[in-house]
Amino acid sequence: MNIVSIARGQGAAPSRTAVGPTFGLARDQGKRIEITFALKNGGGLTTVEEMDESLSDELLQGYSEQLARDVAAGSTRTFADSIAASGQRAWINLGEVVAFSVRPAK
């Protein structure tokens, strides 16, 4: 017989201790954006960019719109993550991009 069965048999409810993240609570999204690019040659590339301020719906929307304009113009762009996070640096010819996805980085 395990401890839960014993506790229930005695009419007591088992106590629960939270371990790890508590679900249902909002957490800070941080300042990093993850961008996944689909390339014309069929390849894909994922990069992360560190922002100066905390992420919000408006910031992510504005970032996506500017990136769409940059892709349409076929410009080149550098994406940089902070050295404290991943330190990733990426240089991308946006003229080779056919689609992209943007979301808060985990």
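Aspartate 70 counts as buried because its relative accessibility is 16%, and the cut-off for burial is under 20%. The model is a predicted one, and the values that follow are computed from it. Aspartate 70 belongs to helix H2. Its side chain makes two polar contacts described here. One is with the side chain of glutamine 66, at 2.8 Å. Another is with the side chain of arginine 77, at 3.4 Å. Apart from neighbours within four places in sequence, aspartate 70 is in contact with Ser75, Arg77 and Leu94.

E3 pairs with strand E4 (residues 89–93) in the antiparallel sense, over five bridges. Within this pairing, alanine 80 stands opposite arginine 89 in E4.

Next comes the sheet. Three strands form an open sheet in the order E2-E1-E5, with antiparallel pairing. Strand E2 (44–50) and strand E5 (97–104) are the edge strands, each pairing on one side only. On average, neighbouring strands of this sheet are turned by 20° against each other, with direction ignored.

Strand E1 spans residues 32–39 and is joined to E5 by seven bridges. Alanine 38 stands opposite alanine 99 in E5. Seven bridges also join E1 to E2, and these two strands run antiparallel. Here glutamate 34 is opposite valine 48 in E2. E1 and E2 form a hairpin with four residues between them. In the turn, glycine 42 has a positive phi of about 95°.

Helix H2, residues 57–73, lies across E1, E2 and E5. Its direction is at about 165° to E5.

What does the largest nonpolar core contain? This core has 15 residues, and Ile33, Ile35, Phe37, Tyr63 and Leu67 are those with the most contacts inside it. E1, H2 and E5 are the elements that give two or more residues to the core. H2 gives the most, with five residues. In soluble globular proteins, nonpolar side chains tend to be buried together.

Isoleucine 33 can be followed in detail. Not counting residues up to four places away in sequence, isoleucine 33 touches Thr47, Val48, Glu49, Met51, Leu55, Leu60, Tyr63, Val102, Arg103 and Ala105.

The aromatic residues give another view. The structure holds two aromatic pairs. Phenylalanine 37 and phenylalanine 100 form a tilted pair, with 6.5 Å from centre to centre and 50° between the planes. Phenylalanine 37 lies in strand E1 and phenylalanine 100 in strand E5, so the pair ties together parts that are 63 residues apart in sequence. Phenylalanine 100 is partly exposed, because its relative accessible area is 28%. Ring pairs link Phe37, Phe79 and Phe100 into a cluster.

Notes. Residues are numbered from 1 along each chain as its sequence is written. This is a predicted model: local features need pLDDT of at least 70, side-chain atom pairs count only at pLDDT 80 or more; totals for chains, interfaces and linings use all residues. Side-chain values use heavy atoms; hydrogens and water are left out. Two strands pair if DSSP finds at least two bridges between them. Axes are lines fitted to C-alpha atoms, for helices over the stretch in contact, and angles run from 0 to 180 degrees between N-to-C directions. Contact means heavy atoms within 4.5 Å. A nonpolar core is a set of buried Ala, Val, Leu, Ile, Met, Phe, Trp, Tyr and Cys residues joined through side-chain atoms within 4.5 Å. Buried means under 20% relative accessible area, exposed over 50%, partly exposed in between (1.4 Å probe, protein chains only). A polar contact is a pair of N or O atoms within 3.5 Å; within protein, one must be able to donate a hydrogen and the other to accept it, and residues adjacent in sequence count only if both atoms are side-chain atoms. Rings of Phe, Tyr and Trp (its six-membered ring) pair if their centres lie within 6.5 Å; planes under 30 degrees apart count as stacked, over 60 as edge-to-face and the rest as tilted.
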